[in-house]
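Hi there,

Here is the structure I promised to pass on. Have a look at it first, and my notes follow below.

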Amino acid sequence: MSLLTDILVVSPYDTPIGPSTRSYDIATYLAAKYKVNFLCSNFCHFTRSYIDISSFSKSNLKLHVCLVTPYKTQLGRYISSIVYLVQIIFHILFRKPSLVITPSVPLYLSFFIVIACKFTSASTIFEIRDIWPLSLSQLSNLSTKSFLYRILDCMEKFIYTHCTHIVSSLSHAHLHVASCIPPNLLPPITFIPNPISQKLLDYSLQKSVPNKSQSSDFNQIVYIGGFGIVHDVHTLLHASSYYLQHFDPTAQFHFYGNGEKKQEIINLSHSFPSSEGIIFHDFIPKSEALKVACQADVLIAAIPNRSIFDYGINLNKIYLYLCAGKPIAFAGNIPYDFISEYLLGKTSPAEDHILLAESIHSLIVDPIPRQCLLNSGQNYINLNLSPSIICDRYLNIVDSVLEKK
């Protein structure tokens with residue numbers, strides 16, 4: 001296989017620039033060996049705004065901008081997905097790529113892509129970044145008895161049965177897939193975590209990134225991330241209040257980010273007697289976020305107690321924390337506790353704000369030397385998350401799939 005081989009990378013939400021660039025980064029790497037077409041939208045799903053991506057086509061990487069309707073509601077999002085899907089199907093049927101790489105969100109998009117690939121004999125790599133529809137039932141209250149859930153469940157099993165290969169960013173997704181279809185129908189499944197962005201790595205290596213001033217006379221505990229159901233900021237907030245009341249009333253807890261639950265969290269914080277030590281900030285870009293993280297004594301994160309996380313997590317904010325080289329206090333039940341194993345901080349059970357507060361306290365009163373933490377974080381990144389390592393593994397899978405055609 002060579003540069004004459006045509007690969008299509010489908011990216012409904014990832015873009016060349018913006019909050020999520022994973023698909024484009026991998027497509028760029030694949031373009032060193034293959035001819036790659038990258039289909040995305042110029043309407044960013046995360047910021048709900050247009051972005052200029054016209055200049056991101058490269059040698060052997062052709063960028064196709066799918067026209068979609070801008071949206072602010074869920075209905076508008078569905079309409080936009082349909083418009084996007086129609087353009088992708090036309091591309092598959094008329095350009096006939098040898099391989100199509102398609103993500104699990106939204107699931108119905110990949111379902112129709114896999115069907116289209118059956119007509120053109122194209123191979124398919126299905127990327128599991130989120131397990132639909134199981135995550136919808138546990139995080140969005142979609143009833144497992146509903147008609148929509150059953151339809152999505154059938155789509156999921158069809159994709160697992162008919163795709164060529166599965167790549168999962170969730171460490172234990174293979175257990176879920178194995179529970180859905182018979183063993184004789186299982187496709188090859190490979191775990192490949194999301195790579196850390198090269199820009200974030202570059203920021204972390206800049207000497208201008210400051211460490212916390214040694215003259216600071218109060219402890220700063222920082223959260224940087226979203227305010228949605230999956231982030232469990234409620235537990236972080238309760239842990240903050242408990243810490244301020246039982247350990248250090250002079251500490252400051254800083255919450256950076258936006259999301260659907262933010263105002264609810266802010267209102268809840270006002271009911272706490274120690275609310276003056278809990279401070280909320282707007283969303284900040286990654287370059288500024290790393291500088292903020294470097295000023296913290298402890299960085300915190302949490303996920304709710306849901307069985308969906310038994311299959312692994314995509315907690316990309318941890319990448320930012322790793323680059324900052326500060327202790328991480330994490331609350332969540334995860335199948336692989338890399339935070340404790342790599343001496344990056346402490347992990348406590350999901351939704352247990354008292355144990356989380358105690359973890360924060362222990363990291364502050366008996367801190368691991370910063371350089372040791374920085375080295376641990378950098379070592380973990382170099383061994384597991386660097387773009388070159390992740391993309392090399394992805395390229396090996398693509399080579400294997402195409403060799404079997």
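Let me start with one side chain: phenylalanine 247 is partly exposed, because its relative accessible area is 29%, which falls between the 20% limit for buried and the 50% limit for exposed. Please keep in mind that this is a predicted model.

Phenylalanine 247 also has a ring partner. It forms an edge-to-face aromatic pair with tyrosine 242, with 6.2 Å from centre to centre and 65 degrees between the planes. Across the whole structure, the search turned up 15 aromatic pairs. Ring pairs also join Tyr223, Phe227, Phe255 and Phe280 into a cluster. Phe227 has a further neighbour, as the charged end of lysine 262 sits over the ring of phenylalanine 227, 5.5 Å from its centre.

Next, the second largest pocket, which holds about 380 Å³ of space. Its lining is made up of 22 residues, and Phe191, Pro193, Ile313, Phe338 and Tyr380 lie nearest the centre. By type, the lining residues are 14 nonpolar, seven polar and one charged.

Finally, helix α1 (residues 22–30). Which of its residues are buried? They are Arg22, Ser23, Tyr24, Ile26, Ala27 and Leu30. Among the elements covering these buried residues are the strands β1 (6–10), β2 (35–41), β5 (61–66), β6 (99–103) and β7 (123–128), along with the helix α15 (387–403).

Happy to talk any of this through.

Best wishes

Conventions: Residues numbered from 1 in each chain as written. Predicted model: local features only at pLDDT ≥ 70, side-chain atom pairs only at ≥ 80, totals over all residues. Heavy atoms only, no water. 1 Å grid on protein atoms, 1.4 Å probe; cavity = no way out; pocket = protein on both sides within 12 Å on 5 of 7 lines; lining within 4 Å. Points joined across faces, edges and corners; volume = space filled by probe spheres on them. Nonpolar A, V, L, I, M, F, W, Y, C, P; charged D, E, K, R; others polar. Buried < 20%, exposed > 50% of the residue type's maximum accessible area, 1.4 Å probe, protein only. Helix = DSSP H or I, 4+ residues; strand = E, 2+ residues; numbered from the N terminus. Contact = heavy atoms within 4.5 Å. Phe/Tyr/Trp six-rings, centres within 6.5 Å; stacked < 30°, edge-to-face > 60°. Lys NZ or Arg CZ within 6 Å of the ring centre and 35° of its normal.
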